[in-house]
Amino acid sequence: MRRRIAILGSTGSIGRQTLDVIRQHPDVFEVTLLVANNSVALLCEQALSFDAASVVICNERLYDETASALQDKGIKVFAGMDSVCELVAADNVDIVVAAMVGFSGLRPTLAAIEAGKITAVANKETLVAAGAIVTAEAKRFNAPVLPVDSEHSAIFQCLLSAQGNRLSKIHLTASGGPFRNWDRDRIASATREDALRHPNWNMGAKITVDSATMMNKGFEVIEARWLFGVDAERINVVVHPESLVHSMVEFEDGAIIAQLGCPDMRQPIQFAMSFPERLPLDSGRLDFAAVGRLTFEAPDTARFPALGLAYDALARGGNAPCALNAANEVAVAAFLAGKIGFYGITDICSRCLDGLDFISEPTLDDIFATNDETARKAEEMI
């Protein structure tokens, strides 16, 4: 039987690439649910193209527009986050691709996990904000959580060859973003357009800015801690500008296994949906002779303080990573809107962490309260 897929965030970068994978394997996958926030036209086009059973438009004010375009096509139309949480748990869903951007992805991801669904997590904010809760619920409901981020997929793939041997260290690779060779003064004056020129990856605006600040890599450190049960001291970040080594795992005897490939998110997306099988994929292939060399360097936390903030938040634990994520979401949006400068992002994040009402063992309600309160404080700072 075909694997029935729900895509949360189908109109975003990961969602569109997920549909491209499904398009290549119509005999293996079928789309049952598509979810978008505001992009009505693209959502409707996707639903008709893939004959989705249902769609959800999260912005309830756009329900009538969506319904008028689809209801006479035999596609059920719903609105709001409560509908998303209900539909991901339905019997006609096997795999949930959690690709919504930001903290908003937490509730439906937890709903999928609590329903025992295979959850392919591309929404890093879910594990950053509530990693302890998410992993505990996954264990409680015996729900597989598979990584979609290229770095965490690489670690996962390397560990498949470990034969049960314990890893010693994770080496997370980072491209360095568009400002890798810029000095601090030049970075300070970077514009929105500068930050969105990623040298290797084609991503949405928010994650591209996170890559430019290296907050994205800091969040991936926090994700790795929860996905693989590894302390922060054993998670190393190394800048690899070619973005061909997606990450590496080091074992106790010093041996290192790496996963390499072209910078194409469709490979980790497909592997999460097809696991444990590997399916053919129409994508680029590495030509090592043409590549010539692979280079690595240490990250510079003076020019990119976001990485240090993420390590600090992880060391504090509790609700600190949630607060960092909330502050970053607000600050990145402000930078994209031209309200603050580039280093204003990490300045606001640092100030929000300093002023945090710390909770060492937060409940889910505490996580939502921390997110809301930190976002309010960040808005006031802006």
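Residues are numbered from 1 along each chain as its sequence is written, and side-chain values use heavy atoms, with hydrogens and water left out. As the model is predicted, local features need pLDDT of at least 70 and side-chain atom pairs count only at pLDDT 80 or more, whereas totals for chains, interfaces and linings use all residues.

Helices (H or I, at least four residues) and strands (E, at least two) are DSSP runs numbered from the N terminus, and two strands are said to pair if DSSP finds at least two bridges between them. Seven strands form an open sheet with parallel pairing, in the order β4-β3-β2-β1-β5-β6-β7. The edges are taken by β4 (76-79) and β7 (145-147), each of which has a single partner strand, so that one side of each is left without a neighbour in the sheet. With axes taken as lines fitted to C-alpha atoms, neighbouring strands of this sheet are turned by 20 degrees against each other on average, direction ignored. Within the sheet, strand β1 (residues 3-8) pairs with strand β5 (residues 95-98) in the parallel sense over four bridges, and Ala 6 stands opposite Val 96 in β5.

Relative accessible area is used to call a residue buried (under 20%), exposed (over 50%) or partly exposed (in between), with a 1.4 Å probe and protein chains only. Seven of the seven residues of β10 are buried, so this strand is largely enclosed by the rest of the structure. Strand β8 (residues 167-174) pairs with β10 in the antiparallel sense over five bridges, with Lys 169 opposite Glu 250. Strand β11 (residues 256-260) also pairs with β10 in the antiparallel sense over five bridges, and here Ser 247 stands opposite Gln 259. The two strands β10 and β11 form a hairpin with four residues between them, and Gly 254 in the turn has a positive phi of about 90 degrees. Leu 260, found in strand β11, is partly exposed at 32% relative accessibility.

As for the cysteines, a disulfide is taken as a pair of cysteine sulfur atoms within 2.5 Å, and by this rule the count comes to zero. The sulfur of Cys 158 is 17 Å from the closest cysteine sulfur, that of Cys 262, which is too far for a bond. Cys 158 is buried, with a relative accessible area of 1%, whereas Cys 262 counts as partly exposed at 25%.

A salt bridge is defined as a side-chain nitrogen of Lys or Arg within 4 Å of a carboxyl oxygen of Asp or Glu, and a search of the whole structure finds 20 of them. One of these joins the side chains of Asp 94 and Arg 4 (3.0 Å, N to O); Asp 94 lies in the loop between α4 (81-87) and β5 and Arg 4 in strand β1, so the pair ties together parts that are 90 residues apart in sequence. Another joins Asp 347 and Arg 351 (3.6 Å, N to O), which are four residues apart in helix α16 and thus separated by about one helical turn. Glu 380 forms a salt bridge with Arg 376, the closest N and O atoms being 2.4 Å apart, and these residues are likewise four residues apart, in helix α17 (residues 364-381). Glu 380 counts as exposed at 55% relative accessibility, while Arg 376 is partly exposed at 36%.

Notes:
Axes are lines fitted to C-alpha atoms, for helices over the stretch in contact, and angles run from 0 to 180 degrees between N-to-C directions.
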